[in-house]
Amino acid sequence: KRPMIREIEEYLMAQRVYVKHLDPWLPIIDVAMLAHADYFIGNCVSSFTSVVKRARDVYDLPSAFWGFSD
């Protein structure tokens, strides 16, 4: 329930990353936004991330996971 929006924005300010979190009680909105975003970075142990990743795979959209590198 703590999205850490301010901390993420401060850390990624130089890359001009926009952080959106509309309603913590309606996670389906977040899933829809993340599924259609230009790029998605998720947590590989999260069931929430797995739903978003599967949706993105259908459209061949790029995704990455924290802690993994090519």
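My entries below run from the overall fold down to single residues.

**Ground rules.** I am working with a predicted model, where local features need pLDDT of at least 70, side-chain atom pairs count only at pLDDT 80 or more, and totals for chains, interfaces and linings use all residues. I number residues from 1 along each chain as its sequence is written, and side-chain values use heavy atoms, with hydrogens and water left out.

**Fold.** I looked up the secondary structure and found three helices and two strands in the protein chain. I took helices (H or I, at least four residues) and strands (E, at least two) as DSSP runs, numbered from the N terminus. Their order along the sequence reads α-α-β-α-β. The radius of gyration is 12 Å, close to the 11 Å from the globule rule for 70 residues, so the chain is as compact as a globular protein of that length. I note that this radius is taken over C-alpha atoms, and that the rule is 2.2 Å times the number of residues to the power 0.38. Along the principal axes, the C-alpha atoms fill a box of roughly 35 × 30 × 20 Å.

How many of the 70 residues count as buried? I get 13%, with buried meaning under 20% relative accessible area, exposed over 50% and partly exposed in between (1.4 Å probe, protein chains only). Next I checked contacts (heavy atoms within 4.5 Å). Among those with a separation of 6 or more, 21% join residues 24 or more positions apart. The accessible surface comes to about 5,900 Å², and carbon and sulfur atoms hold 61% of that. These areas come from the Shrake-Rupley method with a 1.4 Å probe; for residues, only the protein chains shown count as cover.

**Charges.** I counted 8 positive and 9 negative side chains, and the centres of the two sets lie 3 Å apart. Lys and Arg count as positive and Asp and Glu as negative, while His and the chain ends are not counted. I placed each charge at NZ of Lys, CZ of Arg, CG of Asp or CD of Glu.

**Salt bridges.** Side chains of opposite charge can pair when their charged atoms come close. My search of the whole structure gave two salt bridges, each being a side-chain nitrogen of Lys or Arg within 4 Å of a carboxyl oxygen of Asp or Glu.
- Arg6 pairs with Glu7, with the closest N and O atoms 4.0 Å apart. Arg6 is exposed at 55%, whereas Glu7 is partly exposed at 28%.
- Asp57 pairs with Lys53, with the closest N and O atoms 2.5 Å apart. Both lie in helix H3 (residues 47-58), four residues apart, about one turn of the helix. Asp57 is partly exposed at 42%, and Lys53 is partly exposed at 22%.

While at Asp57, I also checked its C-alpha distance to Ser47, 10 residues away along the chain, and got 15 Å.

**Positive phi.** Most residues other than glycine have a negative phi. Which residues did I note with a phi near 55°? Arg16 has such a positive value, and its place is in the loop between helix H1 (5-11) and helix H2 (27-36). Asp60 has one too, in the loop between H3 and strand S2 (63-65). Arg16 is exposed at 67% relative accessibility, and Asp60 is exposed at 70%.
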